[in-house]
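This report describes a protein and its ligand. The sequence and structure come first, followed by selected local features.

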Amino acid sequence: METVAEPITTQQTITANKRKIKKVAVLGSGVMGSRIACHFANIGVEVFLLDIVPKELTEKEEAQGLTLEDKSVRNRIVNDALQKALKDNPSPIYDKKLASRIQTGNFTDDMSKIGDADWVLEAIVENEDIKKKVFGDVEERRKEGAIVSTNTSSIPIHKLLEGRSEDFQKHFLGTHFFNPPRYLRLLEIIPTEKTDPEVVNFLSDYGTTFLGKASVTCKDTTAFIANRIGVFGIMYIFHLMEEMEMTVEEIDALTGPVIGRPKSATFRTCDLVGIDTLVNVANIVYENSPDDEKRDLFKIPDYVNKLVENGWLGDKSGQGFYKKSRDEEGNRVILALDINTMDYKAKQKVKFGSVENAKNADQLEEQIRIVHNGEDRGAEFMRKLTYGSLQYVSNRVPEIADELYKVDDALNAGFGWKLGPFATWDALGVKETVKKMEEYGMQPAQWVYDMLDKGFDSFFKIEDGIKKYYDLETKGYKEVPGQEGFIILENYRKNKPVWQNEGATLHDIGDGVLNLEFHTKMNAIGSEVLEGINKSIEIAENGYNGLVISNEGDNFSVGANVGMMFMLAVEQEFDELEFAVRRFQDSMMRIRYSAVPVVVAPHSMTLGGGCETTMHSDMATPAAETYIGLVEVGTGLIPAGGGTRH
Ligand code: NAD
């Protein structure tokens with residue numbers, strides 16, 4: 001009998017090198033440790049979560065006649081921390097039942113149990129001496145070959161190695177999770193000179209494949225990549241805002257979705273993260289980077305120091321750059337901070353012509369160009385911010401990363417930027433932007449000139465569906481690694497599509513398989529998408545092996561265009577309404593009874609019609625973070641596209 005070799009998957013590669021993660025010990029159950037523990041439980045790993053023994057009894061414990069020797073007291077810190085984390089909204093755990101995978105204990109009584117762990121992850125208080133002491137204890141109990149990592153944000157990783165054995169040093173590195181660990185996709189992996197490359201490769205694959213993260217390997221430099229660049233950007237904005245006499249609302253109107261950053265833009269993001277946390281990172285960079293040419297920008301401006309002094313730290317203390325309040329009539333209002341008077345005033349609606357013009361463009365790259373080419377104050381602010389940031393980022397390569405794609409990956413996953421700094425620079429045009437940067441006195445690093453001299457005019461390019469980056473060392477392009485295991489639709493977009501209309505595009509993704517991508521507003525399903533589904537199945541049935549319906553939008557689909565249904569009903573166009581519903585249902589049946597397999601890959605919001613599309617597929621491969629359901633029932637509608645099947 002003939003045997004056919006299976007293709008090697010990432011998972012096989014991981015198990016091929018004999019390392020498996022079945023048990024993880026998480027040391028420290030604070031903000032990070034308890035939530036990291038939950039995320040390991042999410043992916044099916046047994047977790048052992050430890051924290052310190054309390055030094056004093058609480059009043060309640062005393063009243064109950066408990067002593068410091070009772071187990072419930074000794075594990076109180078860890079148990080309370082875990083319970084608190086489990087009550088978080090949004091939840092750190094996929095399902096509360098999964099918490100049974102987490103066993104709790106304390107450092108004094110239970111440290112020996114870490115001998116079973118395949119990975120010991122430290123997330124205790126940010127103090128070098130305490131961490132070193134704990135690693136001394138870990139050394140005595142860990143099994144040989146077990147990975148040991150630290151979640152530190154600021155302590156140089158190599159410093160934590162002092163006094164440790166060779167085997168420990170080979171298996172030790174930084175694994176920097178971001179808060180909240182379930183939702184923030186970045187995992188920075190920071191090896192030291194002593195770390196075995198096998199461990200780095202393993203964790204990088206493991207982070208991507210099992211933890212669902214974007215793993216970015218960093219150098220052991222201050223604040224690593226994402227915080228160094230991301231917090232620089234925020235600090236630069238803090239200073240530019242004063243210099244250009246701009247308001248909190250103005251900055252947020254400019255630095256949000258219009259340039260591919262989250263809706264929370266700059267100051268809502270600061271409030272969410274915690275202003276004290278940002279100040280800490282900025283101070284760390286200031287203290288530890290004496291040679292940073294923009295070091296002064298990491299000095300905290302007076303108004304930010306005032307916020308910290310007042311305890312106005314953002315959402316955790318109820319107010320920061322914004323504050324929720326009620327007006328005289330009792331209506332909810334949002335107030336914004338005036339940094340000159342430190343008073344809160346009603347949040348102003350801001351309109352910049354450059355931003356309004358940009359909103360009309362379909363593509364993010366075009367939006368960014370329009371904002372930067374505008375003539376108002378907003379555009380001038382954007383130019384200063386972007387040119388100064390690009391200069392800074394170019395000067396940090398190769399200091400913080402040898403490969404420039406890592407900077408973009410870290411900002412995309414850690415700060416939610418759709419385009420990282422180098423992709424933004426590409427969108428603006430590298431050569432043109434360098435000229436403008438010179439006019440503003442913000443010349444980039446020499447290697448950028450070298451790249452242009454070689455005739456290369458972009459940091460990234462896509463060739464044959466593969467994304468490549470400019471490599472400083474070889475002065476040529478190299479493949480961005482890690483694409484092998486994935487189909488990245490963005491890389492196919494530059495090819496001629498097999499078929500296309502306004503709302504959907506059909507790509508040939510190889511192996512005789514087609515992919516239908518929706519790209520309507522919020523990926524709502526209207527007539528173009530339905531046409532796309534029918535047409536794609538027809539094309540697939542005539543010469544292809546199968547069809548995948550997936551996309552890389554923010555949401556898979558928010559469902560049918562209910563607004564359109566509502567208008568038809570208001571206008572009593574019942575024939576039209578009937579036709580629209582029938583067409584929807586017929587399209588779902590077309591998926592169900594197609595002659596080729598139709599695989600649907602839902603993610604994020606997959607509502608109504610998105611859910612129905614998934615229900616009728618031959619197979620669905622949902623992302624872990626998929627929010628799926630028939631929400632129309634809540635608005636009094638029957639999910640008539642096929643949602644009533646059983
Ligand atoms: P935290 O203050 O919430 O938790 C610290 C934990 O350390 C607590 O559970 C505490 O009981 C324990 N602890 C205190 N003293 C100890 C001792 N002497 N020995 C052992 N344990 C002790 O802190 P956190 O925010 O969870 O941060 C933990 C680590 O993660 C730090 O290294 C921090 O830099 C890093 N980090 C934090 C964030 C964040 O946003 N909070 C993000 C990334 C990385």
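## Asp 110 and its surroundings

A polar side-chain atom of Asp 110 lies 2.7 Å from the backbone nitrogen of Asn 106, a polar contact being a pair of N or O atoms within 3.5 Å; within protein, one must be able to donate a hydrogen and the other to accept it, and residues adjacent in sequence count only if both atoms are side-chain atoms. The model is predicted: local features need pLDDT of at least 70, side-chain atom pairs count only at pLDDT 80 or more, and totals for chains, interfaces and linings use all residues. Residues are numbered from 1 along each chain as its sequence is written, and side-chain values use heavy atoms, with hydrogens and water left out.

Asp 110 belongs to helix α6 (residues 107-110); helices (H or I, at least four residues) and strands (E, at least two) are DSSP runs, numbered from the N terminus. Asp 110 has a relative accessible area of 6% and is therefore buried (under 20% relative accessible area, 1.4 Å probe, protein chains only). Beyond its neighbours within four places in sequence, Asp 110 is in contact with Phe 48, Leu 50, Lys 71, Asn 75 and Gly 105, where contact means heavy atoms within 4.5 Å.

## Ligand shell

The ligand is surrounded by 19 residues, of which Val 31, Met 32, Asp 51, Glu 126 and Lys 131 are the closest; a residue is near the ligand if one of its heavy atoms lies within 4 Å of it. At least two shell residues come from each of α2 (31-42), α7 (128-141) and β6 (172-177).

| Residue | Atom in the residue | Distance to a ligand oxygen |
|---|---|---|
| Gly 30 | backbone N or O | 3.2 Å |
| Val 31 | polar backbone atom | 2.9 Å |
| Lys 131 | polar side-chain atom | 2.7 Å |

On its own the ligand has 840 Å² of accessible area, and the protein covers 74% of this (Shrake-Rupley method, 1.4 Å probe).

The peptide bond between Asn 179 and Pro 180 is cis, with omega about 0 degrees. Pro 180 sits in the loop between β6 and β7 (186-191). Val 397 and Pro 398 are also joined by a cis peptide bond, with omega about 10 degrees, and Pro 398 is in the loop between α17 (377-396) and α18 (404-415).

Ala 223, a residue other than glycine, has a positive phi near 65 degrees. Its relative accessibility is 3%, so Ala 223 counts as buried.

Conventions. Buried means under 20% relative accessible area, exposed over 50%, partly exposed in between (1.4 Å probe, protein chains only).
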